[in-house]
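These are my notebook entries on a single structure. I set down each item that I looked up, together with the rule behind it.

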Amino acid sequence: MIKKIIAVCILSAAVVSCKKETAVSEVKSANDSIAKNETKENQYKPIDTACSSENKTEDYIKALQWYRTKIDQEIAGNTPEQNNKVYDDYVKIREKYTDCFNDSQTEILDKYIDYHTVEPGTQQLPDNIKKMAAELDKVGLEFREMGEGLTEIHSLPGYYESVFKNKVTPDYGAYISQMAKDNEENYAVDGGLLITWEELGERLIIWENFINKYPKSSLIKKAKDNYHNYLLDYLLGMDSDRIYDSEEGKIYDDKREAYNMLIKKYPNSATVKKTKELIAAYDAHTPVDQIENKINLRR
């Protein structure tokens, strides 16, 4: 009887031992699987931002997705000041990839305008183009028609705002938000303005206010460049959008009306001061080729 009890105990111990070994083995196997997956994930390196003909569409998409995941993780634990730097670096990386994307898709981009139907604003995109458009959308990119038959791949206007809103310092937040608004539609094509002269005046005031409010921002140079480029167009006109009627010897009525609206609305702004100088110069019949120097527009 004692022998039977001892035998049963030995058998029970063996069963328990086997179960423990099996459980340990299963846990080890699971941990090994996780480790392998993590190692595989950690081993992934995005393609170089230097363009290469060997890179495929999926390579760029995967790299952009990887960077977005990395950025989201970084900004979640950063201070706003740290995220300013993250934004600067991220823009550079995305712009480089986007440039490479444009270089690698010239055949599609050259033909993109041909997919329009007779009726304006409609498209008949082939399945492969629809598929690529969907892939681009996943990483905040789009096909954008620039005019004159030119199509390019660009970041969606509000992409950076969707990533960094309330994550950066106020100056960066204001800059990113305004850039999103500025990029909602094409600005000009074939030397002609695509937004109204009134809208251009408002953009100038916004950027002037930014410059005055954040004079020490690290974005101040970019803001001043935006302001200055808009100011040149606003006061000197464009190749297909003139300000001065040489035959009549006067500023075009629609332009003068837009100028007067701005003067009335923002009488104390630096933009208005330059606008008044321009009007006075033209009214004094200053030669067109001397206007630029007369009102000192070049920095």
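Is Tyr112 buried or exposed? I found that Tyr112 is at 5% relative accessibility and therefore counts as buried. The rule I applied is that buried means under 20% relative accessible area, exposed over 50%, and partly exposed in between, with a 1.4 Å probe and protein chains only.

**Basis of the entries.** I am working from a predicted model, in which local features need pLDDT of at least 70 and side-chain atom pairs count only at pLDDT 80 or more, while totals for chains, interfaces and linings use all residues. I number residues from 1 along each chain as its sequence is written, and side-chain values use heavy atoms, with hydrogens and water left out.

**Entry on Tyr112.** I located Tyr112 in the loop between helix H4 (106-111) and helix H5 (127-138). Helices (H or I, at least four residues) and strands (E, at least two) are DSSP runs, numbered from the N terminus. I also looked up Gln124, which is 12 residues from Tyr112 in sequence and 9.9 Å from it in space, C-alpha to C-alpha.

**Entry on the largest pocket.** I noted a volume of about 840 Å³ for the largest pocket. Of the 32 residues that line it, Glu95, His154, Ser155, Met179 and Asn183 are the closest to its centre. On a 1 Å grid over the protein atoms alone, a pocket is an open set of points where a 1.4 Å probe fits, with protein on both sides within 12 Å along at least five of seven lines; lining residues have an atom within 4 Å of a point. Grid points are joined across faces, edges and corners, and the volume is the space filled by probe spheres set on the points.

Which element gives the largest share of this lining? I found that H3 does, with 8 residues. Elements that give two or more residues include helix H3 (80-104), strand S1 (141-147), strand S2 (150-155) and helix H7 (170-182). I sorted the lining into 14 nonpolar, 8 polar and 10 charged residues. Here Ala, Val, Leu, Ile, Met, Phe, Trp, Tyr, Cys and Pro count as nonpolar, Asp, Glu, Lys and Arg as charged, and the others, Gly among them, as polar.

**Entry on the strands.** I saw that S1 and S2 pair in the antiparallel sense over 6 bridges; two strands pair if DSSP finds at least two bridges between them. Phe143 stands opposite Ile153 in S2, and Gly147 has Leu150 in S2 as its bridge partner. The hairpin has 2 residues between the strands, and in it Glu148 takes a positive phi near 55°.

Most residues other than glycine have a negative phi. Asn166 lies in the loop between H6 and H7 and is exposed, with a relative accessible area of 72%. His285, also not a glycine, has a positive phi of about 60°. I placed His285 in the loop between H11 and helix H12 (288-294), where it is exposed at 55% relative accessible area.

**Entry on aromatic rings.** Rings of Phe, Tyr and Trp (its six-membered ring) pair if their centres lie within 6.5 Å; planes under 30 degrees apart count as stacked, over 60 as edge-to-face and the rest as tilted. By this rule I have a count of 21 aromatic pairs. The ring centres of Tyr60 and Tyr97 are 6.2 Å apart and the planes are at 75°, so this pair is edge-to-face. Tyr60 lies in helix H2 (residues 57-77) and Tyr97 in helix H3, so the pair ties together parts that are 37 residues apart in sequence. Both Tyr60 and Tyr97 are buried.

I then looked up Tyr159 and Tyr160, whose ring centres are 5.4 Å apart with planes at 75°, so they too are edge-to-face. Tyr159 is buried at 7% relative accessibility, and Tyr160 is buried at 13%. One aromatic cluster is formed by Tyr87, Tyr90, Tyr159, Tyr160, Phe164 and Tyr172.

**Entry on charges over rings.** The charged end of Arg94 sits over the ring of Tyr159, 3.8 Å from its centre. I noted Lys255 over the face of Trp197, at 4.6 Å from the ring centre. A charge sits over a ring if NZ of Lys or CZ of Arg is within 6 Å of the ring centre and within 35 degrees of the ring normal.
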